[in-house]
Amino acid sequence: MQDPIIEKIAGIDLEIVRQGRGRRLLFLHPHLGMYGAQSFIDALAGGAEVLAPSHPGFGRSALPKGMNCVEDLSYYYLELLDALDWREVTLVGASLGGWIAAAMAVKNTSRIAGLVLVDALGAKLGSASKGEFVDFFSTPRLRLEELYYHDAAFARRDIPDLSDEERAVIARNWEATAMYGWNPYMHDPKLRARLYRIHVASLVLWGAHDAIVAASYGKAYSEALPRGTFESIAGAGHFPHIEKPLELARRILDFVNKKASSRNTSGAKA
Amino acid sequence: MRIYHFSEQPYPKAWVPENKSIRIVIPNSQCDPKELATIYHERLDEWLHADEMGLDIMINEHHATATCVCPVAAIPLAVLARQTRRARLLTLGYPIANRLDPVRVAEEFAMIDVLSRGRLEMGLVRGIQYEIPLSIRSGVGQMDRFWEAHDLIIKALSTRTGPFDWQGEHFQYPKVNVWPQPWQQPHPPVWITGRSPQNVREIAERGYVLATFLSGYDTRPVFDNYRKTCAELGRPVPGRDRFAYLGIVAIAQDRREAWRRAEIMSGYLRSSSIVAEPFNTPPGYFSVPDAARMLKGAGRPMVTTKDGKKVDAFKGELEDLVKAGIMFVGTPDDVTEQILEFDDKVGGLGHFLMMGHAGHMTHKEACDQITLMAKEVMPRLRKQAAPQVA
């Protein structure tokens, strides 16, 4: 992955990685920020032009005063697509990033060609008295690391030994996660009823061993999307982009290319 | 110097080693309502006794914890507003940044002030970090929310011209019109707890009472920040009535008995910080640099003794905790001397908040402590630590 740079886009100093050529793809990261995403971004950039920002408040991206909810983020990223004049974009959102992607797509898909949700949060699909996601904020840190991954070797045990700067990024990401997702916990109660507006092709990908949010939730999510399909990623937990980066990137690029070819075919028929 | 009797109204039966967290996640099946009723009545009776003996009264609240089974400070305050005759009724306090409804807080304060005929001392606190996970608001931007809630409560209590509307960043109301107006005008006195320079500055700017809890001989610089702010603003030197400190008191006619009581009361210190790891550092409660430091592993909370030694504020030896000004232990002479020395070292204390009951201490012992403090310690403190003339 290329080194991230800071660029002012749509009024915010944003930490971004922009890499590759081809169809345009916006990657929206989970609450871990860009941690562990290098291989995945490289693999995606082998077949697409990828823009991967740190969300405002995460990493080294600025946080403008007043921006404090996923609704704000979703409007901001729609504005970013306008500012860059990106069209036919595929949104790829992982976990928290999936929530942001869905919140964008219910508002406006004029620049969006497809939606990929990877172990996405954001919608309330079950009963009121039962949370659907593990509570990040009430789980001991090392336990949470174990729950994130299918392969326990991925669990981060090195955090106390990192540099001050690296730990500051982790602390900042954690604070931003609380700001965006504390309550209602990691979802918007209104989102489920708005998903009918997403008419673009939508692929829901789920780590087969996700211990943060079950695959049954992902299936229900895909069923709530007018053009949703569901696929499972073997050998992955909540973060397939970290555990199975090549497999995940391949599935996403297949989806992007299939979409493009079906559009060309239908165009020829017309 | 005024003395306030305080108990957290604990349920110490649940302070057992099997409970890895006696806060937040502990099931309420461990609390027997019949036993708790006795606890409530005994603690209320101790406050009535304090009133009769000439002490003032302090109440607090915590949530989902066996350390303090008073989640609604307004309830004992209401009982005591009716049943006591003369004591000041201090709540320290209401965690207003975590409460949904500041107007409801103003209504509770107004009613208690009238019911007590003007004896309410209105304490506002940020709240302990452990309890953030119980709040529907995160720790992010908590102090902004605290000050907006404060502004709204003060305006709600002070307005006499009918409804106003409030459209703030954190709270919005179409009509605010608190009935009744409070007894004390324009509103009851305000107390706020604080330690950080920024927070102390905000408290000093408003001229409120600054309180610290169990900060021991590290209290002086906190109070000095208050005095410094007053000086910078060109105001008179603040009187001792602007400063309050909470310490644990174990007192008896017999010194050995006092140390036995200290041992019992130290159960509060030993247990109070037993809390499951994720609740120690909720996101947003601490600054990013502090939170980043804590990722290296949480250090023990330390406090400085009068001799400059660092001791563990929760696990330290009793003798060290006395030298640190966390506990005040011994005969009435000993305790008087310890409080006067502390008073001198912090530059003058107007309010001594005495945790006079804690842990497994019995009702009889607590009443004895209150009597000794009122009859033997208070007259000497009044005489020797007299209010400053500004």
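A crossing of two helices is called right-handed if the near helix is turned clockwise from the far one, and left-handed if it is turned anticlockwise by less than a right angle. In that sense the crossing of α2(A) and α3(A) in this predicted model is right-handed. The complex as a whole receives from the predictor an ipTM of 0.91 and a pTM of 0.94, and within it 19 residues of chain A are in contact with 17 residues of chain B.

**Confidence and the contact between the chains**
- For chain B the average pLDDT is 95, and 98% of the residues reach a score of at least 70.
- Where pLDDT is low, predicted coordinates should not be read in detail.
- On the side of chain A that touches chain B, the residues divide by class into 11 nonpolar, four polar and four charged.

**Helices α2 and α3 of chain A**
- Helix α2 of chain A covers residues 70-84 and helix α3 of chain A covers residues 96-105, and their axes come within 8 Å of each other while crossing at roughly 65°.
- Because angles from 65 to 115 degrees count as roughly perpendicular, α2(A) is described as roughly perpendicular to α3(A).
- From α2(A) the residues Val70(A), Glu71(A), Leu73(A), Ser74(A), Tyr77(A) and Leu78(A) take part in the contact, and they meet Trp99(A), Ile100(A), Ala103(A) and Met104(A) of α3(A).
- Sorted by class, the residues of this contact between α2(A) and α3(A) are eight nonpolar, one polar and one charged.

**Helices α1 and α11 of chain B**
- In chain B, the axes of helix α1 (residues 33-53) and helix α11 (residues 363-384) come within 10 Å and cross at roughly 20°, so that α1(B) and α11(B) are roughly parallel to each other.
- The crossing of α1(B) and α11(B) is right-handed.
- On the α1(B) side the contact is made by Glu42(B), Asp45(B), Glu46(B), His49(B), Ala50(B) and Met53(B), while α11(B) contributes His363(B), Ala366(B), Cys367(B), Ile370(B), Thr371(B) and Ala374(B).
- Six nonpolar, three polar and three charged residues make up this contact of α1(B) with α11(B).

**Helices α2 and α3 of chain B**
- Helix α2 of chain B (residues 74-83) and α3(B) have axes that come within 8 Å and cross at roughly 20°, and α2(B) and α3(B) are therefore roughly parallel to each other.
- The crossing of α2(B) and α3(B) is left-handed.
- Ala74(B), Leu77(B), Ala78(B), Ala81(B) and Arg82(B) of α2(B) face Glu108(B), Ile112(B) and Leu115(B) of α3(B) in this contact.
- The contact of α2(B) with α3(B) holds six nonpolar and two charged residues, with no polar residue.

**Two single residues**
- Arg117(B) is placed in the loop of chain B that runs between α3 (102-115) and β4 (120-125), and Arg117(B) counts as exposed because it has 12 C-beta neighbours inside 10 Å.
- Between Arg117(B) and Gln198(B), which lie 81 residues apart along the chain, the C-alpha atoms are separated by 35 Å.
- Asp82(A) belongs to helix α2 of chain A, and with 13 other C-beta atoms within 10 Å, Asp82(A) is partly exposed.
- Although Asp82(A) and Ala10(A) are 72 residues apart in sequence, they are 8.5 Å apart in space from C-alpha to C-alpha.

Note on methods. Residues are numbered from 1 along each chain as its sequence is written. Chains are lettered from A and ligands numbered from 1 in the order in which they are written. This is a predicted model: local features need pLDDT of at least 70, side-chain atom pairs count only at pLDDT 80 or more; totals for chains, interfaces and linings use all residues. Axes are lines fitted to C-alpha atoms, for helices over the stretch in contact, and angles run from 0 to 180 degrees between N-to-C directions. Helices (H or I, at least four residues) and strands (E, at least two) are DSSP runs, numbered from the N terminus. Angles under 35 degrees count as roughly parallel, over 145 as roughly antiparallel, 65 to 115 as roughly perpendicular and the rest as oblique. Two residues are in contact if their C-beta atoms, placed from the backbone, lie within 7 Å. Ala, Val, Leu, Ile, Met, Phe, Trp, Tyr, Cys and Pro count as nonpolar, Asp, Glu, Lys and Arg as charged, and the others, Gly among them, as polar. pLDDT is the predictor's confidence in each residue, from 0 to 100. A residue is buried if 20 or more other C-beta atoms lie within 10 Å of its own, exposed if 12 or fewer, and partly exposed in between; C-beta atoms are placed from the backbone.
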